[in-house]
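Good morning. Today I will talk about aromatic pairs and nonpolar cores. Please have a look at the structure first.

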Amino acid sequence: MFGPGREYNFTRPNEKGEYEIAEGISATVFRTVLDYYKTGIINCPDGISIPDLRDTCDYLCINFDFNTIRCQDLSALLHELSNDGAHKQFDRYLEELILPIMVGCAKKGERECHIVVLTDEDSVDWDEDHPPPMGEEYSQILYSSKLYRFFKYIENRDVAKTVLKERGLKNIRIGIEGYPTCKEKIKRRPGGRSEVIYNYVQRPFIQMSWEKEEGKSRHVDFQCVRSKSLTNLVAAGEDVLEDQEIVMHHPPQVDELDRLNAPLSQMAPNDFQD
């Protein structure tokens, strides 16, 4: 921690050559940690926060594990140890299972990835003529019972988010969602339209983005409205009943910069200000 040969020193000496340590650490926690330098074991008394003790051990470069920590609150101790184990475990899952799928999406020009984690025993059998609702076909499927069990715990999902943030990814979402696996039945609607009912299973999903300019992406927003008025094009061709309804689409939103750069011939009359 103080040696000049260390690559990263946590502390720096003052003008007197002295090291000031334990800033922000309570006296009770620091006194508890001092036992380590006498016996090699930290006996944590009741009332000491295990997360605070963990932070202090990290600061003083003391290994926080079952060989050095003794406390009455085993739940809190095991929780911290589980966080360490989950961090290391997800690092491996990320490199071995998730990253190859992300690379595949990146090679297609995608800037984000949505992965659904299925078990090794799951199977997906979609009807080609009646696929599930739009959206699922853009999801990537990862078959891994180990990762499925890992994401079962909300604490592990929180650790996974931390790891992904540390690796520079953004817009991270991890949770549980329904995923269609196979067709159950087909309902016939009036007019001959078919409605397919799929069997959905609850499975973990992970979504992340590596888009650098996500705030500058342009999204075209079309709004669909009903109108009883007729366009000149329709009225000129034939007589239409007054109560006939047609669907009109609003034009996409246009940035002010696009209006300034567009040729005059392409600008709509309402683009000119009075």
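Let me start with a definition: rings of Phe, Tyr and Trp (its six-membered ring) pair if their centres lie within 6.5 Å, and planes under 30 degrees apart count as stacked, over 60 as edge-to-face and the rest as tilted. The model is predicted, so local features need pLDDT of at least 70 and side-chain atom pairs count only at pLDDT 80 or more, while totals for chains, interfaces and linings use all residues. Residues are numbered from 1 along each chain as its sequence is written, and side-chain values use heavy atoms, with hydrogens and water left out.

Searching the whole structure gives six aromatic pairs. Take Y36 and Y37: the ring centres are 5.6 Å apart and the planes are at 80°, so this pair is edge-to-face. For accessibility, buried means under 20% relative accessible area, exposed over 50%, and partly exposed in between (1.4 Å probe, protein chains only). Y36 is partly exposed at 26%, and Y37 is exposed at 51%. Elsewhere, F90, Y93, F150 and F151 make up one aromatic cluster.

Now the cores. A nonpolar core is a set of buried Ala, Val, Leu, Ile, Met, Phe, Trp, Tyr and Cys residues joined through side-chain atoms within 4.5 Å. The largest has 25 residues, and F90, I98, F151, L164, I206 and M208 touch the most other members. Which helix or strand gives the most to this core? That is α4, with eight residues. Helices (H or I, at least four residues) and strands (E, at least two) are DSSP runs, numbered from the N terminus. Apart from this core lies another, of 16 residues, among them V33, L53, F64 and L77.
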